[in-house]
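Visitor: Could you take me through the pockets here, one after the other? I'd like a close look at what lines them.

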Amino acid sequence: RAKLINNLLIEFSLKDKARVVKMNACDFVLGEGRRGQKYDIVFVDPPYHSEELMKILPLIGRGDIIEAAGIVIVEHFSKVTLPDIIGDIMIVKHYKYGDTTLSLYRLERI
């Protein structure tokens, strides 16, 4: 998948605006491989019915991976209810598509 994404970035002249990193998501969020960078958009899509979502969200909720106006988009099983607030991120919108929900969080220093 990483190779495909890189090829698409090149095809659409976006290679200089994005970076694809293939590694464990928790390690990345904790800073390994991130080089202190912050992001405008963080997309989270762990396997459904796994515990990965509840491992990664508190790490993202620290807020140190998200730019001040950044967003976190979480794709998850519709029957899973996510907390409204996780650390420094707060849910602002849900989009439901059948069995899939996209939950949108924004950084809110509380």
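**Pockets and their linings**

Guide: Let's start with the second largest pocket, which has a volume of about 150 Å³ (the space filled by probe spheres set on grid points joined across faces, edges and corners). Some ground rules: this is a predicted model, where local features need pLDDT of at least 70, side-chain atom pairs count only at pLDDT 80 or more, and totals for chains, interfaces and linings use all residues. Residues are numbered from 1 along each chain as its sequence is written, and side-chain values use heavy atoms, with hydrogens and water left out.

A pocket here is an open set of points where a 1.4 Å probe fits, on a 1 Å grid over the protein atoms alone, with protein on both sides within 12 Å along at least five of seven lines; lining residues have an atom within 4 Å of a point. For this one, the lining includes Pro 46, Pro 47, Tyr 48, Glu 75, His 76 and Phe 77. β2 gives the most, with three residues.

Now the largest pocket: its volume is about 1500 Å³. It has 30 lining residues, and those closest to its centre are Ile 5, Val 21, Ala 25, Phe 43 and Val 44. At least two lining residues come from each of α1 (2–11), α2 (25–29), β1 (39–44) and α3 (52–60), with β1 supplying the largest share, six residues.

Key:
Helix = DSSP H or I, 4+ residues; strand = E, 2+ residues; numbered from the N terminus.
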